[in-house]
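Let's take a friendly tour of a pocket and of a pair of helices. Have the sequence and the 3D view ready as you read.

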Amino acid sequence: MGKTLMRKALMIQGTMSNVGKSLLTAGLCRVFHQDGIGVAPFKSQNMALNSFITDEGLEMGRAQVVQAEACGVNPSVLMNPVLLKPVTNEGSQVIVNGEVHGNMSATEYYDYRSKLGPVVVKAFNTLADRYDLVVLEGAGSPAEINLKDNDIVNMWMAKKANASVLLVGDIDRGGVFAQLYGTLMLLDDDERQLVKGLVINKFRGDVELLRPGLKMLEEKTSKPVIGTIPYLTIDIEDEDSLAERLSARSTTSGIDIVVVLLPKISNFTDLMALEATEGVNVRYVNIADDIGHPDMVILPGSKNTIADLKWLRQTQMDVAVMRLAKAGAIVFGLCGGYQMLGRHLNDSAGVEGGGAAEGLGLLPVSTEFTQAKTRLRTEGQIIGAQGALSPLNGSHITGYEIHMGTSEFAETSTGKPVLPLLKKDNGNTDGCAFGNVAGTYLHGFFDSAECRSALMGILCARKGISTPTATFDFASYKEKQLNKLADAVRESLDMNFIYSLLEQS
């Protein structure tokens with residue numbers, strides 16, 4: 001567009017969590033990218049169990065990966081230098097510049113966080129040197145006044161980046177005028193000056209009915225409302241367990257896949273490609289009686305595998321899964337779910353709080369947790385699928401591993417061979433296949449069109465229905481979703497106003 005940007009940073013902050021900051025940031029990143037601007041995302045501190053491994057083998061939050069894809073650039077841990085992965089209700093694994101710095105309680109991290117200021121500023125400055133523009137995302141709300149002293153993600157970061165701030169409120173939750181007005185009133189004067197415009201997100205209905213309220217809000221805050229974004233149905237990878245997709249419960253005709261909704265579910269973005277597949281219904285279930293008689297059951301990843309395994313037993317979910325496996329349903333485990341399908345799990349090193357537990361015993365493997373975290377990009381081929389799953393063999397898979405533990409094969413008394421599910425391109429193997437049950441450490445397993453096409457053939461044949469003629473390319477699908485998001489952002493926001501902010505020194 002020939003824009004000359006004097007200001008290197010634009011920041012999206014919100015009145016609370018889950019108001020749509022990540023989605024709006026991704027949408028703006030795609031708009032700027034379409035306009036020919038070299039742009040990158042940045043979130044100094046993220047708390048999420050959905051993470052990703054970069055080409056360098058470093059770990060970062062999934063939301064900033066999506067935003068990087070919106071920018072048309074490779075993900076880098078510079079875009080998310082601090083990642084917190086909750087392990088228990090009181091503590092999290094702390095990841096700095098893509099590497100684990102140990103587990104900390106909330107109090108320990110609060111004291112430690114002040115040391116991270118130079119880390120996040122260095123990461124931001126490096127990005128600002130490389131790109132024309134950096135779009136920053138805040139966390140929670142800047143009005144969390146009890147946490148302001150050690151803030152490294154909201155107004156403190158906005159000042160360090162010299163960023164113009166857009167404040168977003170969620171009208172779908174109700175009280176959006178109070179959200180925006182109250183947040184501004186709780187800010188210090190200099191922080192309030194950084195807020196250049198207000199955005200109302202997730203609006204349903206006739207915007208003309210909102211006009212009187214918008215005018216009054218502008219009068220009371222002296223801030224312009226620069227756009228009202230409608231409630232969007234756009235399929236983009238979610239940041240955390242507040243995602244609406246996890247509330248999906250209904251069944252429809254076609255293939256029925258149940259995902260066990262673990263309390264510490266992680267990397268549920270692994271299931272997005274299945275959710276988007278024609279003729280497939282993916283349900284997230286946390287009550288055993290709601291499982292029903294699905295065509296496939298998936299145990300997803302977990303950030304506290306032993307605790308979630310105990311939850312399976314407390315809720316009788318383990319009984320339901322084992323019943324389905326015995327009846328011949330396909331049961332598949334991803335990462336922590338793979339570990340749960342095994343015989344025994346031991347955390348003598350205290351990686352996830354310590355302890356040991358017996359697994360569901362559906363796969364002849366045992367897992368030992370270790371302090372060393374496996375973080376790597378992986379390519380390979382399915383070689384060991386058995387029985388009903390054997391059509392998967394030969395499918396090429398690309399993904400990544402994030403786990404703290406190793407799983408070894410155990411003896412069997414059935415005479416059936418125990419086979420690794422995958423052979424990696426580096427010559428190593430991964431996962432286990434045993435009859436109609438299989439598991440792998442590889443995230444992104446179902447992203448492969450080749451693998452999903454074979455899986456649909458298996459499930460449709462078992463159900464006696466026709467197989468879809470074509471399997472879509474997931475990467476192209478995500479690109480279409482990002483462009484759809486950018487179109488909605490352009491239509492809803494005053495982009496001339498936003499560019500005017502960036503053209504000011």
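## Who lines the pocket?

In the second largest pocket, α14 supplies the largest share of the lining, 5 residues. Elements here are DSSP runs, with helices (H or I) of at least four residues and strands (E) of at least two, numbered from the N terminus. This is a predicted model, where local features need pLDDT of at least 70, side-chain atom pairs count only at pLDDT 80 or more, and totals for chains, interfaces and linings use all residues. Residues are numbered from 1 along each chain as its sequence is written, and side-chain values use heavy atoms, leaving out hydrogens and water.

The pocket's volume is about 620 Å³. Its lining has 28 residues, and Phe52, Glu69, Arg377, Asp447 and Lys478 are the closest to the centre. Two or more lining residues come from each of α2 (62–71), β23 (396–403), α13 (449–463) and α14 (474–492). By type, the lining has 8 nonpolar, 9 polar and 11 charged residues.

A pocket is an open set of points on a 1 Å grid over the protein atoms alone, with protein on both sides within 12 Å along at least five of seven lines; lining residues have an atom within 4 Å of a point. Its volume is the space filled by probe spheres (1.4 Å probe) set on the points.

## Two helices side by side

How do α1 (residues 21–34) and α2 pack? Their axes lie 7 Å apart at an angle of about 20°, so α1 is roughly parallel to α2 (angles under 35 degrees).

Where they touch (heavy atoms within 4.5 Å), the α1 residues Ser22, Thr25, Ala26, Cys29, Arg30 and His33 meet Ala63, Gln67, Glu69, Ala70 and Cys71 of α2.

Technical notes
Nonpolar A, V, L, I, M, F, W, Y, C, P; charged D, E, K, R; others polar. Axes fitted to C-alpha atoms, helices over the stretch in contact; angles between N-to-C directions. Parallel < 35°, antiparallel > 145°, perpendicular 65-115°, else oblique.
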